[in-house]
Amino acid sequence: MLKPSETSNITARFQGKDIELGDLHGVMKEEMSKTATISREELELEMAIPGGVHAVFVDLPGIKDDSKEGADLTRSVVRGYVRNNPNDLYVLVKKANDDPANWPWQLRDFIMMDPPRGLGLKGKQTIVVGTRAKEFLRNEKNDVKTQAELLDHVNKRAVTDPNGNALPLFLLELFSLTIEEKENLNFDQRKNRMQQQIMQGRLDVAELLEHSFEPSDPTTGAELFRHFDIDLFKQELNTKFQRLLNEQLGHLERRLLKKKI
């Protein structure tokens, strides 16, 4: 949970208790080590940041298929959350190299089908992000020669909604902080480091797209580059959020009008 700070300092509360920022990493690790298995229990972190906004981010567990217990539990947790929060905005994260065609059918059904078999996520509320875009492109340049062939391979990484329509897909190179960088209490330095890595990744991806694959027609090239554009990803995220918010405000307005009538 994120909110504006009433002071010039960054403050934190973990599981409802005030905590020093320097202790946060260790306390969270200790809390998570209390159970050797996946747990249904939520861990709540509240951060107050100068100039921050009111927002809630929920990190749902990844779907586990290494054991029946893990598969059943993670699916139950995710299904329950999505069912109880049908108007949230969801970002489905996977590796860029991950091809849904190779998913076990149980996972495909869970992600792509309507309830009760699946989550029933729709395009208006879901964005798919494939990470490690540089690794994906370096692998692909050994198999394909043109941007048109690459675009075909990118489109095959799409995740579809229950009607078979491809959900918005972005393949991005993000950031990976070292342990020392993660433990750095200077949030501005950490933010700058993340931004530096993202910008460098963006340049590296553009270099690979432009020079490792033969150009195709302008329309194909533009469509291909859109999948790797982090600014377009942020724009898509903001647009979907605004539409969902306006939709809910509209529902609330109609309910209030009915009560007056």
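Select Gln15, in the loop between strand S2 (11-14) and strand S3 (17-19). This is a predicted model. Phi of Gln15 is near 55°, a positive value, though the residue is not glycine. Most residues other than glycine have a negative phi. Gln15 is partly exposed, with a relative accessible area of 35%.

At 44% relative accessibility, Arg132 counts as partly exposed.

Now pick Pro115 and Pro116. What kind of peptide bond joins Pro115 and Pro116? It is a cis bond, with omega about 5°. Most peptide bonds are trans. Pro116 sits in the loop between H3 and strand S6 (126-131).

Zoom out for a moment. The protein chain has nine helices and seven strands. Its C-alpha trace spans about 55 × 55 × 45 Å along the principal axes. The chain has 261 residues, and 32% of them count as buried.

Time to go inside. Select Ile111, Phe136, Leu137, Leu150, Val154, Leu171 and Phe228. These residues have the most contacts inside the largest nonpolar core, which has 31 residues. Colour the elements that each supply at least two residues of this core: among them are helix H2 (68-84), strand S5 (90-95), helix H4 (133-140) and helix H5 (147-155). Helix H3 (105-112), S7 and helix H7 (187-211) also belong to that group. Which element gives the most to this core? H3 does, with four residues.

Next, the rings. The whole structure holds two aromatic pairs. Are Tyr81 and Tyr90 buried or exposed? Both are buried.

For the other pair, select Phe170 and Phe233. Their ring centres lie 5.7 Å apart with the planes at 65°, so this pair is edge-to-face. Phe170 is in strand S7 (residues 169-172) and Phe233 in helix H9 (residues 230-260), so the pair ties together parts that are 63 residues apart in sequence. Check the accessibility of each ring's residue. Phe170 counts as buried at 7% relative accessibility. Phe233 counts as buried at 14%.

One more ring is worth a stop. Select Phe110 and Arg75. The charged end of Arg75 sits over the ring of Phe110, 5.5 Å from the ring's centre.

Select Phe241, Leu245, Leu249, Leu252 and Leu256, which make a nonpolar surface patch of about 450 Å². Click on Leu249, one of these residues. Leu249 is in helix H9. At 47% relative accessibility, Leu249 counts as partly exposed.

Last stop: Glu41, in the loop between helix H1 (21-32) and strand S4 (45-49). Glu41 counts as exposed, at 66% relative accessibility. How far apart in space are Glu41 and Val77? The C-alpha to C-alpha distance is 9.8 Å, while the two residues are 36 residues apart in sequence.

Methods. Residues are numbered from 1 along each chain as its sequence is written. This is a predicted model: local features need pLDDT of at least 70, side-chain atom pairs count only at pLDDT 80 or more; totals for chains, interfaces and linings use all residues. Side-chain values use heavy atoms; hydrogens and water are left out. Rings of Phe, Tyr and Trp (its six-membered ring) pair if their centres lie within 6.5 Å; planes under 30 degrees apart count as stacked, over 60 as edge-to-face and the rest as tilted. Buried means under 20% relative accessible area, exposed over 50%, partly exposed in between (1.4 Å probe, protein chains only). A charge sits over a ring if NZ of Lys or CZ of Arg is within 6 Å of the ring centre and within 35 degrees of the ring normal. Patches are made of residues with over 30% relative accessible area and no salt bridge: like charges are joined within 9 Å, nonpolar side chains (Val, Leu, Ile, Met, Phe, Trp, Tyr) within 5 Å. Accessible areas come from the Shrake-Rupley method with a 1.4 Å probe; for residues, only the protein chains shown count as cover. A salt bridge is a side-chain nitrogen of Lys or Arg within 4 Å of a carboxyl oxygen of Asp or Glu. A nonpolar core is a set of buried Ala, Val, Leu, Ile, Met, Phe, Trp, Tyr and Cys residues joined through side-chain atoms within 4.5 Å.
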